[in-house]
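Have the viewer ready and follow along.

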Amino acid sequence: MEKYLIFKSVLMVVVLVLAFGYFFTKVKRLYQIMMAVDGSPKPFVDRLQERIKVLFTDIFLQTSVRRKPLPGLAHTLIFFGFLAIQPHSIELMVKGVFPVFDIGNIFPGLYTAYLSAADILAFFVLVGFAYALYRRLIIQPDYLTLGRDANLIILFTCIIIVSFHFVNAFQQMMIPLEPGSFSYAGVFPVSGILASIFGLGALSGKGLFIGYEIFYYIHISTILGFLIYIPGSKHLHLLAAVPNVFFKRLDFEKSIKKTDIEDEEAETFGLGRVSEFNWKNVLNLYACTECGRCEELCPASGTGKPLSPKKIIHDLKVELLNQSGLLLNNHKDEIHPIMGDGSCVTDDVLWACTTCRSCEDICPVSNEHLNFIFEMRKHQVLMEASFPPEMQETFNNMENQSNPWGFASDSRALWCKDMEVPVMAEKTKADVLWFVGCAGSFDDRGKKISRATARVLQKAGIDFAILGPEESCNGDMARRAGNEYLAQMMIRQNVATFARYQFDLILTGCPHCYNTIKNEYPDFGADYKVVHTSGYFDTLIKEGRLDIRSNDFGTLTFHDSCYLGRWNNIYEPSRNILEKTCAGSLVEMDRTRNKGFCCGAGGARMFMEENIGERINNKRAQQVVESGAETVASACPFCATMLNDGIMETNNDIKVMDIAEILDKATS
Ligand code: SF4
Ligand code: SF4
């Protein structure tokens with residue numbers, strides 16, 4: 001026995017050194033790749049308290065994972081079970097090297113409680129895996145990767161847990177090897193049952209010892225095999241998810257950060273090669289679990305486009321690892337581009353994104369897909385002059401007439417020529433500067449919404465004024481289409497115009513104007529109070545400044561705009577207005593609030609062809625029809641136009657109304 005224990009000690013030392021040595025070599029290489037890329041955002045170590053809180057809720061409490069109830073519950077069981085068995089498994093490894101090591105004799109009470117809890121939680125890992133298998137083999141959702149990697153991981157982990165229970169079962173039945181050492185009798189509730197089922201009590205001391213040793217080796221070798229496998233598999237997220245969540249941009253929902261386009265030393269803009277990533281981009285790629293939640297909610301993926309946010313992340317990771325040799329050996333010039341035909345991100349993928357932010361919102365490890373998409377678009381536009389051909393005219397229109405349609409900029413206020421709408425150039429001072437936006441000024445559907453908005457403001461007696469011909473496009477569309485030069489040109493024009501007048505707040509009826517002016521203009525020195533009409537009207541109603549008489553629009557549903565909802569977390573004001581003004585009932589669509597389905601117009605998609613797959617607005621219109629609503633309300637002129645077009649395709653007479661139009665009709 002003594003000789004065997006010495007042999008086991010030596011064997012364990014060799015195996016542990018080899019396994020951990022290999023593991024740390026792999027992890028070191030991954031870290032070196034992360035540090036070898038050129039882009040360098042500042043480490044986000046600000047707001048420490050908030051970051052710790054996010055870590056606690058997202059990782060420890062598994063809040064983001066559990067947004068999908070059943071898979072989330074299964075993941076939570078697996079997560080806690082795996083965490084729970086680690087101390088005991090590590091203890092078993094130490095015991096393999098130092099047979100006399102016995103932690104049970106140091107803290108017997110605590111140790112017994114821990115072992116019992118770990119034994120129960122380990123069993124729940126198997127319950128979680130049973131559901132995972134059912135999902136993979138029976139449900140088989142399209143967005144799940146059902147490859148060899150995932151199956152191997154399930155196999156690994158099931159062996160780890162089953163062998164853990166058998167080790168416990170044998171341990172429980174064995175008389176302590178040394179007199180006076182900790183007794184495992186009755187400590188393992190689940191493994192104890194296993195011992196009875198398999199009649200382990202009938203085995204001799206030698207039989208128990210052999211059985212224990214066999215399962216010990218199975219358990220430890222599978223854990224070490226898993227350890228070696230992690231860095232090269234999708235389970236790299238076990239290492240990367242925690243730092244990825246901790247370092248996430250807490251204010252991401254608010255803005256695209258300004259690029260210094262006047263930086264004379266900048267050799268390139270955006271992301272064109274893996275070497276141009278920053279360390280946070282790389283961490284994102286490592287952290288992806290390939291759960292497919294982003295793909296499941298993506299309106300582009302859901303309508304047959306080649307874009308899948310999951311695939312972008314996966315393909316960029318593969319590309320990064322494939323080219324890591326060049327990166328680490330400083331042959332960056334030889335690294336080939338990530339975009340373009342034959343590359344990992346094709347044009348059809350890159351330009352299909354509506355920037356709806358569903359992918360980021362649902363991602364359990366807080367990946368920032370849009371950061372990749374915006375930066376890749378920026379690279380294509382600024383460095384390669386490559387973008388969908390129809391965008392050339394849109395860019396020209398914005399540059400020459402400050403609006404994407406190309407209407408004469410001095411006709412911006414024609415929509416209200418027969419209304420008494422004051423203009424800032426004449427007033428110079430007003431309580432409210434109403435930024436009407438391009439859609440509200442030029443698009444036929446948008447103009448009706450603007451007229452309704454003006455009437456509501458007048459009924460409430462608001463001191464407001466518009467900019468008229470002095471207004472430029474807010475810059476959102478150019479920015480999200482990668483044309484940072486053009487975006488900054490228009491932003492600066494508006495900022496200079498704002499500075500000429502006195503006002504208390506900027507009101508917008510367009511969520512894109514709202515988001516950009518509120519969250520991106522401060523980078524250009526314009527830090528104003530900005531309010532969307534939904535919030536403003538909701539307040540006017542609450543203050544009793546509007547004479548509401550309820551109106552009958554039939555059964556209503558509300559379509560959330562991505563840029564109010566997921567980008568700015570504003571969901572309730574429009575619903576409050578509808579509840580106050582509508583006699584009919586309000587029904588929610590299945591895809592609502594933060595799971596709302598995009599109308600298809602964002603990210604400059606409004607001005608691009610949609611030739612592949614089903615039209616996104618048609619799919620949303622179909623969801624409206626399925627809700628049984630007679631009227632669909634929205635709070636964005638782009639959404640209204642897209643929904644109108646989509647509803648027409650369904651041959652239904654469902655009305656599409658902006659909340660301003662509803663409020664206008666419901667007030668006297
Ligand atoms: S990016 Fe996030 S949501 Fe998408 S597959 Fe990876 S972990 Fe899942
Ligand atoms: S932002 Fe929306 S459209 Fe773009 S990849 Fe994410 S989910 Fe898809």
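## Where H19 meets H26

Let's begin with a pair of helices. On the H19 side, Arg-445, Gly-446 and Ile-449 meet Pro-637, Ala-640, Thr-641 and Asn-644 of H26. Sorted by class, this contact of H19 with H26 has three nonpolar, three polar and one charged residues. Please keep in mind that this is a predicted model.

How are the two helices arranged? H19 covers residues 444-459 and H26 covers residues 637-649; they pack at an angle of about 130 degrees, and their axes are 9 Å apart. That angle makes H19 oblique to H26. The crossing of H19 past H26 is right-handed.

## Where H4 meets H6

Helix H4 (residues 108-139) and helix H6 (residues 189-197) have axes that come within 6 Å and cross at roughly 70 degrees. H4 and H6 are therefore roughly perpendicular to each other.

Which residues make this contact? H4 brings Ser-116, Asp-119, Ile-120 and Phe-123, while H6 brings Pro-189, Val-190 and Ser-191. By class, four nonpolar, two polar and one charged residues form the contact of H4 with H6.

## Domains

Stepping back to the whole chain, the domain assignment gives domain 1 (2-36 + 68-232), domain 2 (252-384), domain 3 (394-542) and domain 4 (556-666). Taken over C-alpha atoms, the centres of domain 1 and domain 2 are separated by 37 Å. Their contact takes 11 residues from domain 1 and 14 residues from domain 2. The side of domain 1 that touches domain 2 has eight nonpolar, two polar and one charged residues.

## The shell around ligand 1

Now for the ligands. Ligand 1 is surrounded by 15 residues, of which Cys-288, Cys-291, Cys-294, Lys-310 and Cys-363 are the closest. By class, this shell around ligand 1 has nine nonpolar, three polar and three charged residues.

Which helices contribute? Helix H10 (293-297) and helix H11 (309-322) each supply at least two residues of the shell around ligand 1. H11 gives the most, with three residues.

## The shell around ligand 2

Around ligand 2 there are 15 residues, and the closest are Cys-298, Cys-353, Cys-356, Ser-358 and Cys-359. Here helix H14 (358-362) and helix H15 (369-384) each supply at least two residues of the shell. By class, the shell around ligand 2 has 10 nonpolar, four polar and one charged residues.

Technical notes: Residues numbered from 1 in each chain as written. Chains lettered and ligands numbered in written order. Predicted model: local features only at pLDDT ≥ 70, side-chain atom pairs only at ≥ 80, totals over all residues. Near = placed C-beta within 6 Å. Helix = DSSP H or I, 4+ residues; strand = E, 2+ residues; numbered from the N terminus. Nonpolar A, V, L, I, M, F, W, Y, C, P; charged D, E, K, R; others polar. Axes fitted to C-alpha atoms, helices over the stretch in contact; angles between N-to-C directions. Parallel < 35°, antiparallel > 145°, perpendicular 65-115°, else oblique. Contact = placed C-beta atoms within 7 Å. Domains from an automatic or database assignment. Left-handed = near helix turned anticlockwise from the far one by under 90°.
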